[in-house]
Amino acid sequence: MAQPSVAIIGAGQAGLQVAVSLREQHYEGRIALIGDEPHVPYARPPLSKAYLLGEAGDLALRPQTYFAQHRIDLIAGKRAVAIDRTRRMVGLDDESVIEYDHLVLATGARNRSLPIPGVELGNVFLLRTLDEAALLRERMAAAKNVVVIGAGFIGLEFAATATKLGANVTVLDVADRPMARALSKTMSAVFTREHEKTGVRLMFNTQAMRLLGEQCVTAVETVDGKILPADLVLIGIGVIPNVEVAATCNLTVENGIVVDEFLQTSDPHISSIGDVAAFSNRHLGGGRVRLESVQNASDQARCVAARIMGQPDAYDAVPWFWSTQGSLKLQMAGLPSSGCEEVVRGDPNASKCSVFLFRDGKLACVETHNRPADHMLARRLLAERAALTPDQAADPTFDLKSLLPRPAARVAAA
Amino acid sequence: MPKLTVVTRTGDEIEIEQTRPGASVMELMRDHDVPDLLALCGGSRSCATCHVWVDTAFLSKLPEAVEEESELLDSSMHRQPNSRLSCQIKWKDELDGLRVTLAPED
């Protein structure tokens, strides 16, 4: 090959950031950024919030002109269907072929569908892409009764938005509390209370059995026989990683594309990042996980770009997340796991509080509600492995900053 | 057109002449490809990855930071009296000549 080249499959937050970081670091070769959506890379987080309210600005992560200016070949609206690892080529669904020296798989995830009768009816939505959000926004205008299936982040963000738009909103979940897989019981209870205050009706330990209606959905029937009137239904029950193209070329796949601590797959010429990559590091309690977050997408992208530029470094970022649900701002640093000791800082009955989670006496995760400063400090405490004790965390007069070194320069972990 | 100047982490100056009222300084920087600007949360006051130091002469022309912004800045190791989140500075023509410096990454 005459010129070095990087191909990136997936033009979301992760894929774009690889291209941006490579050019920032003066990578001279060709860059192909392949995405199956017909748009320039855009920010997804506003789709469940400001975008639906008509309050979002431009969602594009870079202006259209950026790509030509930086010699990034943005191939939008095409899908990668095959990888020839021997010849280092990616085949697209229009039968064109892209060569690479290094390939980055940032294929993301897709929404899990709900296998019950009626999901094909009109006004039943999944929410991940801009096109889905555009149609949803149009249909929300006339929606009076909204049922949300799944009390996870997307479901609750949407529930808060729909409430703001004036709809009656009911949220169902099979678990016994909101965001059960991600949050402590204490913080779940805070969010239950706060959502109910705004008028959202939450129903737990139940499930939708079928969706009723002729053309468009008119009601949701639950397994315990309740009929909930609905002129719009949103299903948010998690995602499935897009591993297919990796599996076709025999990369190791196991709930995601398996990568090592450098985010490299079983092929040294192929890396994987973002929602689809299954990895482990010291912040994750030993197991291999996939993280679905903007932070993870962006930081992993920068890690891989640095390696391509000859500066390999293990991926060591503290994971962090946010979810804005109406006026509620949830932030998490670190990863929760079962069996953690919960320590509350602040008053859980007030409009702001934090929950510090300790695993074997060590800080593992911090959840904050409307306390962004605790969140920011938590990220640094975790990165520094600061020796915070549960008693200190519980004491609101204890200065968390006192446990941190005060470097003049940057902290490397971000 | 009213102009914004950005000092990057490497000390380079980028002049942004295509400003537009209503856009945030973060959006203007992002659209003009200021390196190392992450702005991860897209302007929702959830991170502090668009932290800048503002030319002090302009501080009085900016609305005061709300509590949430102030708390986020407080937690930065690099907070100065002239620190702001650039996503919270809406551009207006009287900001002509504004100069901001991208704060180091936390």
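The structure is a predicted model, in which local features need pLDDT of at least 70 and side-chain atom pairs count only at pLDDT 80 or more, while totals for chains, interfaces and linings use all residues. Residues are numbered from 1 along each chain as its sequence is written, and chains are lettered from A and ligands numbered from 1 in the order in which they are written.

Chain A holds ten helices and 25 strands, where helices (H or I, at least four residues) and strands (E, at least two) are DSSP runs numbered from the N terminus. The radius of gyration of chain A, taken over C-alpha atoms, is 22 Å, close to the 22 Å that the globule rule gives for 414 residues, so chain A is as compact as a globular protein of that length. For reference, the globule rule is 2.2 Å times the number of residues to the power 0.38. The C-alpha trace of chain A spans about 65 × 60 × 35 Å along its principal axes.

Turning to the annotated spans, residues 5-301 of chain A are 24% helix and 27% strand, with end C-alpha atoms 16 Å apart. Residues 320-404 of chain A are 20% helix and 40% strand, and their end C-alpha atoms are 18 Å apart. A domain assignment, automatic or from a database, divides chain A into domain 1 (5-45 + 62-110 + 241-308), domain 2 (124-237) and domain 3 (336-403). The centres of domain 1 and domain 2 of chain A, taken over C-alpha atoms, are separated by 32 Å.

Now to the interior. A residue is buried if 20 or more other C-beta atoms, placed from the backbone, lie within 10 Å of its own, exposed if 12 or fewer do, and partly exposed in between. Of the 414 residues of chain A, 47% count as buried. A nonpolar core is a set of buried Ala, Val, Leu, Ile, Met, Phe, Trp, Tyr and Cys residues joined through C-beta atoms within 7 Å. In the largest such core, of 155 residues, A:Ile34 and A:Val233 are among those that touch the most other members.

A:Ile34 sits in strand β2 (residues 30-35) of chain A and counts as buried because it has 24 C-beta neighbours inside 10 Å. Its C-alpha atom is 7.4 Å from that of A:Ala80, 46 residues away along the chain. Beyond four places in sequence, the contacts of A:Ile34 (C-beta atoms within 7 Å) include A:Ala7, A:Ile8, A:Ala80 and A:Leu92.

A:Asn123 has a positive phi of about 65 degrees although it is not a glycine. This residue lies in the loop between β8 (109-111) and β9 (124-125) of chain A and counts as buried, with 22 C-beta neighbours inside 10 Å. A:Asn250, too, has a positive phi of about 65 degrees, but with 11 C-beta neighbours inside 10 Å it counts as exposed.

Finally, 24 residues of chain A are in contact with 20 residues of chain B. The largest share of the chain A side, four residues, comes from α9(A).

Notes:
Contact = placed C-beta atoms within 7 Å.
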